[in-house]
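Visitor: I would like to learn how to read a protein model. Could you take me through one, feature by feature?

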Amino acid sequence: IPHAENYEHCVSDKIRNDEIDFNLHLNSIKYMVKALDAIPDSFKRKKKISSIHAKYTKEIHAGELFNSYAHVNKQVTLHLLTNENREELFKMRTEWR
(Lines give C-alpha, C1' and ligand atoms only; values in the text may rest on other atoms or scores of the structure.)
Protein backbone atom coordinates (compact mmCIF):
# COMPACT_ATOMS: atom_id res chain seq x y z
CA ILE A 1 0.00 0.00 0.00
CA PRO A 2 1.68 3.22 -1.10
CA HIS A 3 1.79 6.45 0.86
CA ALA A 4 0.26 9.52 -0.77
CA GLU A 5 2.53 12.41 -1.63
CA ASN A 6 -0.11 14.67 -0.17
CA TYR A 7 -2.94 13.99 2.29
CA GLU A 8 -5.60 16.67 1.76
CA HIS A 9 -7.89 15.64 4.60
CA CYS A 10 -7.18 15.07 8.29
CA VAL A 11 -9.18 14.44 11.45
CA SER A 12 -7.75 14.04 14.94
CA ASP A 13 -9.40 12.41 17.91
CA LYS A 14 -8.90 10.27 21.00
CA ILE A 15 -9.56 6.52 21.21
CA ARG A 16 -12.59 5.83 23.39
CA ASN A 17 -12.99 2.91 25.80
CA ASP A 18 -15.93 1.50 23.82
CA GLU A 19 -13.65 1.09 20.76
CA ILE A 20 -11.25 -1.28 22.53
CA ASP A 21 -11.20 -5.05 21.96
CA PHE A 22 -10.30 -7.90 24.34
CA ASN A 23 -6.58 -7.35 23.64
CA LEU A 24 -6.99 -3.82 25.07
CA HIS A 25 -6.25 -2.01 21.82
CA LEU A 26 -8.38 -0.46 19.08
CA ASN A 27 -10.70 -2.99 17.48
CA SER A 28 -9.51 -3.99 13.98
CA ILE A 29 -12.64 -2.74 12.22
CA LYS A 30 -12.40 0.60 14.05
CA TYR A 31 -9.05 1.29 12.35
CA MET A 32 -10.92 1.21 9.04
CA VAL A 33 -13.75 3.37 10.38
CA LYS A 34 -11.25 5.95 11.67
CA ALA A 35 -9.51 5.96 8.29
CA LEU A 36 -12.78 6.50 6.42
CA ASP A 37 -13.75 9.33 8.78
CA ALA A 38 -11.15 11.56 7.08
CA ILE A 39 -12.94 11.36 3.72
CA PRO A 40 -15.45 14.14 3.04
CA ASP A 41 -19.08 13.03 3.38
CA SER A 42 -19.84 14.46 -0.05
CA PHE A 43 -17.47 11.87 -1.60
CA LYS A 44 -18.82 8.95 0.46
CA ARG A 45 -22.44 9.77 -0.46
CA LYS A 46 -21.69 9.52 -4.20
CA LYS A 47 -19.61 6.32 -4.21
CA LYS A 48 -19.54 2.75 -2.91
CA ILE A 49 -16.49 0.84 -1.75
CA SER A 50 -15.47 -1.92 -4.15
CA SER A 51 -12.29 -3.11 -2.39
CA ILE A 52 -10.18 -2.46 0.68
CA HIS A 53 -6.51 -3.30 1.26
CA ALA A 54 -5.33 -2.68 4.82
CA LYS A 55 -2.05 -2.97 6.71
CA TYR A 56 -1.91 -2.85 10.51
CA THR A 57 1.46 -1.60 11.78
CA LYS A 58 1.15 -0.67 15.45
CA GLU A 59 -1.44 -0.87 18.23
CA ILE A 60 -3.20 2.10 19.80
CA HIS A 61 -4.98 2.08 23.15
CA ALA A 62 -7.84 3.84 24.93
CA GLY A 63 -7.18 7.49 25.67
CA GLU A 64 -4.43 7.87 23.07
CA LEU A 65 -4.62 10.56 20.42
CA PHE A 66 -4.48 9.75 16.71
CA ASN A 67 -4.55 11.51 13.33
CA SER A 68 -6.41 10.11 10.36
CA TYR A 69 -5.20 11.34 6.96
CA ALA A 70 -6.80 10.75 3.57
CA HIS A 71 -5.86 11.39 -0.04
CA VAL A 72 -8.86 11.27 -2.37
CA ASN A 73 -8.99 10.94 -6.13
CA LYS A 74 -11.81 9.80 -8.41
CA GLN A 75 -11.61 6.04 -7.79
CA VAL A 76 -8.99 5.44 -5.07
CA THR A 77 -8.43 6.78 -1.58
CA LEU A 78 -5.23 6.35 0.42
CA HIS A 79 -5.38 6.48 4.21
CA LEU A 80 -2.86 6.80 7.02
CA LEU A 81 -3.43 6.65 10.78
CA THR A 82 -0.67 7.90 13.07
CA ASN A 83 -0.34 8.34 16.81
CA GLU A 84 0.50 11.67 18.43
CA ASN A 85 4.22 10.95 17.84
CA ARG A 86 3.48 10.59 14.10
CA GLU A 87 4.28 6.87 14.16
CA GLU A 88 2.38 4.88 11.56
CA LEU A 89 -0.41 2.74 13.04
CA PHE A 90 -2.37 1.70 9.97
CA LYS A 91 -2.63 2.40 6.27
CA MET A 92 -5.32 1.52 3.78
CA ARG A 93 -6.05 1.73 0.06
CA THR A 94 -9.71 1.83 -0.87
CA GLU A 95 -11.20 1.55 -4.34
CA TRP A 96 -14.59 3.11 -5.10
CA ARG A 97 -17.17 2.76 -7.86
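Guide: Start with a loop. Leu24 is found in the loop between strand S1 (9-14) and helix H1. Helices (H or I, at least four residues) and strands (E, at least two) are DSSP runs, numbered from the N terminus. This is a predicted model: local features need pLDDT of at least 70, side-chain atom pairs count only at pLDDT 80 or more, and totals for chains, interfaces and linings use all residues. Residues are numbered from 1 along each chain as its sequence is written, and side-chain values use heavy atoms, with hydrogens and water left out.

Visitor: Is Leu24 buried or exposed?

Guide: Learn the cut-offs. Buried means under 20% relative accessible area, exposed means over 50%, and partly exposed lies in between (1.4 Å probe, protein chains only). Leu24 has a relative accessible area of 60%, so it is exposed. Leu24 and Asn6 are 18 residues apart in sequence, and their C-alpha atoms are 32 Å apart in space.

Visitor: Where does Thr82 lie?

Guide: Thr82 lies in strand S4 (residues 76-83). Thr82 counts as buried because its relative accessibility is 4%. Now look at its contacts (heavy atoms within 4.5 Å). Leave aside neighbours within four places in sequence; Thr82 then touches residues including Leu65, Tyr69 and Leu89.

Visitor: How many residues has the largest nonpolar core?

Guide: First, the general idea. In soluble globular proteins, nonpolar side chains tend to be buried together. A nonpolar core is a set of buried Ala, Val, Leu, Ile, Met, Phe, Trp, Tyr and Cys residues joined through side-chain atoms within 4.5 Å. Here the largest has 17 residues, and Tyr31, Ile60 and Met92 are among those with the most contacts inside it. H1 (28-37), strand S3 (65-72) and strand S5 (88-96) each supply at least two residues of this core. Another core, of six residues, lies apart from it; Ala4 and Val76 are among its members.

Visitor: What pattern does the protein chain follow along the sequence?

Guide: Read along the sequence, the pattern is β-α-α-β-β-β-β. That gives two helices and five strands. The radius of gyration is 13 Å, close to the 13 Å that the globule rule gives for 97 residues, so the chain is as compact as a globular protein of that length. That radius is taken over C-alpha atoms, and the rule is 2.2 Å times the number of residues to the power 0.38.

Visitor: What percentage of the residues is buried?

Guide: Buried residues make up 37% of the 97 residues in the protein chain.
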